[in-house]
Amino acid sequence: MSCKRLFAALLAAAMLLLPTLALAEGSLTLSEQSITMTLGESTHYITSTLSGSDDTRRWQSSDTSVVTLATAGGGRSAYLTAVGEGEAVITVTAGELSASCRVTVTAAATGETSTEAAAEENSTEADAEQDGTQAETGGAAETTDATQSTAEATETAAETFAISVEYTAGGSVSGPDSVEKGERAEYTITADTGWHIAAVTVDGVSVGAAEEYAFSSVTKNHTLTAVFEQHILAHYFAAEPTTEATGNLEYWYCTTCGKYFSNSAGTKETTLSAVTLSKLSADSAAAVAETVEAEPSAEDDYSDLTAGAWYASAVEFVLTNGLMNGVGGGKFNPDGVMSRAMLVTVLHRAAGYPEATVASAFADTERDSWYSAAVDWAAQNGIVKGYSTFEFDPNGSVTREQIAAIFQRYAAWLGVEEPESGDTSGFSDAAQISAWAEDSIRWAVGSGLLHGNADGTLNPTSAATRAETAQILLNFELSRG
């Protein structure tokens, strides 16, 4: 081989390695590494955090007879359902990156839950009934008849298959619970008002956010699972007409399902083409992130807030100062996951709605969306950096260590004096802090933003909830004196 050909071959091999080398610099983590579930309990929500890669995230259960899953949020999260006793490993991959979580499923504390137990019980009852018949008659002919009758019943039962239908709060699934062999079975998945279908799985395999599903010819037992999520609606106020431009229609945008609605209840879906977003005046930029209803000024107005809870003073602070709003329907959703778009919008409000002079380069940030002005401002000032030059992932969850990094850069933008570096060695899970976030976590601990949990953990890679974010906002304000 000539030197020229050898060089070309080496160059081609190097080019093939480039994606692998670049991908190795990224990271993929799960919000939990170990989960214990009980048969019969509601679904368990788990989220993933991906950085340094734009590959599609794919989820898999190592044993679908133990745990099935339904993805949500564009593959960023998954709902786990316990279907049998044992252990299963849930794995999420993105290119060559992967992360896993071990799930242990145990039996319910009381009552039989497995179909095997029910079958065994039925079998025992049938045997006892046959024995009783035989003892009573004492005749061989009667015994033979009873045996034949039982065999016929068993044969008939074997021709009927069970369709187990499971669904979370926020909707319903209608359809038969048993079907004869070869018959067609149709199911309708319906979300309640203010909710949407997040995912539907059949025997653990996702079929998307289907509103209808049909088994064309049933030949075995099946499980159909539907997961519903509540709309989180942001309200665009109509711009006032001026001598230069007409006003535009108002609409509501769901930050979790990405749909647009023409009414505050989120029941009348519309499209962007039905509203003239380009005519939204600059003067109304401060109003676009407001929520559907006039927001209460105290936590007592929200039905899902508990008086005296650990987050009570923090929620009162963010509500009183207009930093956070409810999610509609008289709910604050304290345990809901905080999205990246929500966090940037809150900081934008706290900063007084400053305007950016240039638009961000993020291709996944929709122009004129409820959060775009906040993202443009945060990106221009280096407060957020995105997962790549063109990806911000506005609807993705934000981890506690990501919040620490964002607040550190926000504090620098405000000109806040740098505190003494905090000590993280006392946290039992300090080893889980990502290398890139170590300085930010120490800053957040030193500033008093993060104090850790009662069990001595910090949970740096866990998705932050709305209540936790409210507490961090209060802690940040207190740290500034």
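Does Arg102 count as buried, exposed or partly exposed? With 43% relative accessibility, Arg102 is partly exposed; buried means under 20% relative accessible area, exposed over 50%, and partly exposed in between (1.4 Å probe, protein chains only). This is a predicted model, in which local features need pLDDT of at least 70 and side-chain atom pairs count only at pLDDT 80 or more, while totals for chains, interfaces and linings use all residues. Residues are numbered from 1 along each chain as its sequence is written, and side-chain values use heavy atoms, with hydrogens and water left out.

**Stop 1: salt bridges**

Side chains of opposite charge can pair when their charged atoms come close. A salt bridge is a side-chain nitrogen of Lys or Arg within 4 Å of a carboxyl oxygen of Asp or Glu. The count by this rule is three salt bridges.

Glu87 belongs to strand S7 (residues 86-94) and Arg102 to strand S8 (residues 97-106), and the two residues are 15 apart. Helices (H or I, at least four residues) and strands (E, at least two) are DSSP runs, numbered from the N terminus. Glu87 is also partly exposed, at 45% relative accessibility.

Next select Arg184 and Glu186, a salt bridge whose closest N and O atoms are 2.8 Å apart. Glu186 counts as exposed because its relative accessibility is 51%.

Then select Arg400 and Glu468, whose side chains meet in a salt bridge at 3.8 Å, N to O. Arg400 lies in helix H7 (residues 400-414) and Glu468 in helix H9 (residues 466-479), so this pair ties together parts 68 residues apart in sequence. Arg400 is buried, with a relative accessible area of 6%.

**Stop 2: strands**

Strands of a sheet pair through backbone hydrogen bonds, either parallel or antiparallel. Here two strands pair if DSSP finds at least two bridges between them.

Move to strand S4 (residues 57-61), where Arg57, Trp59 and Ser61 make the covered face, and Arg58 and Gln60 the uncovered one. Five bridges pair S4 with S7 in the antiparallel sense; Arg58 stands opposite Thr93 in S7.

Now colour the open sheet of five strands in the order S11-S9-S16-S13-S14, whose pairing is mixed. At its edges are strand S11 (178-180) and strand S14 (205-206), each pairing on one side only. Inspect strand S9 (residues 160-167) and strand S16 (residues 222-230), which run parallel and are joined by five bridges. Ser164 stands opposite Thr223 in S16.

**Stop 3: a helix**

Select helix H4 (residues 312-320): its buried residues include Ala312, Phe317 and Leu319. The buried residues of H4 pack against H9, where contact means heavy atoms within 4.5 Å. After H4 comes Gly322, with a positive phi near 65°.

**Stop 4: a loop residue**

Finish at Val416, in the loop between H7 and helix H8 (438-447). Val416 is partly exposed, with a relative accessible area of 32%.
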